[in-house]
Amino acid sequence: MLRVIGIGDNVVDRYLDLKMMFPGGNALNFSALAKRYGFDSAYLGIVGNDDAGRLIKAALKKENVDISRLQTAAGSTAFTDIELENGDRVFKNFDLSIYGKLNLTDADFSYIGTFDLIHTSVYSKITRYLPQFRRAGARVSFDFSDKWDEELIQEIIPQIDYAFMSGSGHSHEEITQMLKKLVSGGAELALVTMGSDGAMLYDGQQFYHQEVVPVEVVDTLGAGDAFITMFLLNYLISKDIPYSLKLAAAAAAESCTHYGAFGHGTAIQSEEE
């Protein structure tokens, strides 16, 4: 069975209107959703010794994600404060400072080397480890989110296999040119999600467009992560791009029907408000 691991960012998404918090973060969502989609999955990151950290650990254990290498540090788990406006997430405040305490050891890299795919993101703040991920033998997937930064791209793209970006606010021409740049820079595949306009993928030979699956939207948080996870895992098995994109669109639509990226919400305690 394909073995995959998310490494890097985790947060609690604190929904201020609901007074609820949910486990999230790009790398963590990948790990949790991969397990739900039927794959052998693990997560490696860092949480604080607080209620938020305990929520993340409990949620991943319930999802049967391997967290044997998850680190815990004194202090606050990363968080984002969110308000919903017509189903779309609006970020009001955040604190990701604990990510700076994540240090990977030789034992961690030996463990990482047992996986077929590593997924991480620009928010994980671990780009310094990308060369070691490659040397560990796994393929590497990287989510740039909305960071269309030329210097960042040039630094990262030669060290990864699969590149993902958010294209909200960019024209079709800008998106196609970016996709070409990512693949010419070294990525096997590059994909840009475009919100209600779907997603565009380029494999160096052909562009593919995937439309969204219509759904009654409750919350868009995590939809992009669901799309990326479902696409990647099915593509790695089937090498069928249209089929994998279709499954990814359905997964993203399902993600929009509930709050949080994969559930496990709990009330925000007074000391964390």
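Start by selecting the buried residues of helix H8: Ile-241, Ser-244, Leu-245, Ala-248, Ala-249, Ala-251, Ala-252, Ala-253 and Ser-255. Keep in mind that you're looking at a predicted model.

Next, select the whole of H8, residues 241-255. Its 15 residues reach 21 Å from the first C-alpha to the last, close to the 21 Å expected at 1.5 Å a residue. Then zoom in on the start of H8, where a side-chain oxygen of Asp-240 comes to within 3.1 Å of the backbone nitrogen of Tyr-243.

**On to the salt bridges**

How many salt bridges are there to look for? The count comes to eleven. Here are some stops among them.

Select Asp-108 and Arg-69, whose side chains meet in a salt bridge at 2.9 Å, N to O. This pair links distant parts of the chain: Asp-108 sits in helix H3 (residues 106-112), while Arg-69 is in the loop between helix H2 (51-62) and strand S5 (71-73), 39 residues apart. Buried or exposed, what is Asp-108? It's buried, with a relative accessible area of 3%. Arg-69 counts as partly exposed, at 28% relative accessibility.

Now pick Glu-188 and Arg-139, a salt bridge with its closest N and O atoms 2.3 Å apart. Glu-188 lies in the loop between helix H6 (172-184) and strand S11 (189-193), and Arg-139 in strand S9 (residues 139-143), so the pair ties together parts that are 49 residues apart in sequence. Glu-188 counts as partly exposed at 27% relative accessibility, and Arg-139 is partly exposed too, at 33%.

Head next to Lys-181 and Glu-150, another salt bridge, where the closest N and O atoms are 2.7 Å apart. Lys-181 belongs to helix H6 and Glu-150 to helix H5 (residues 150-156), so to speak a link between distant parts of the chain, 31 residues apart. Lys-181 is partly exposed, with a relative accessible area of 33%, and Glu-150 is partly exposed with 37%.

For the last stop, select Arg-134, Arg-139, Asp-161 and Glu-188 together: salt bridges that share partners join them into one network.

Notes
Residues are numbered from 1 along each chain as its sequence is written. This is a predicted model: local features need pLDDT of at least 70, side-chain atom pairs count only at pLDDT 80 or more; totals for chains, interfaces and linings use all residues. Side-chain values use heavy atoms; hydrogens and water are left out. A salt bridge is a side-chain nitrogen of Lys or Arg within 4 Å of a carboxyl oxygen of Asp or Glu. Helices (H or I, at least four residues) and strands (E, at least two) are DSSP runs, numbered from the N terminus. Buried means under 20% relative accessible area, exposed over 50%, partly exposed in between (1.4 Å probe, protein chains only). The expected span of a helix is 1.5 Å times one less than its number of residues. A polar contact is a pair of N or O atoms within 3.5 Å; within protein, one must be able to donate a hydrogen and the other to accept it, and residues adjacent in sequence count only if both atoms are side-chain atoms.
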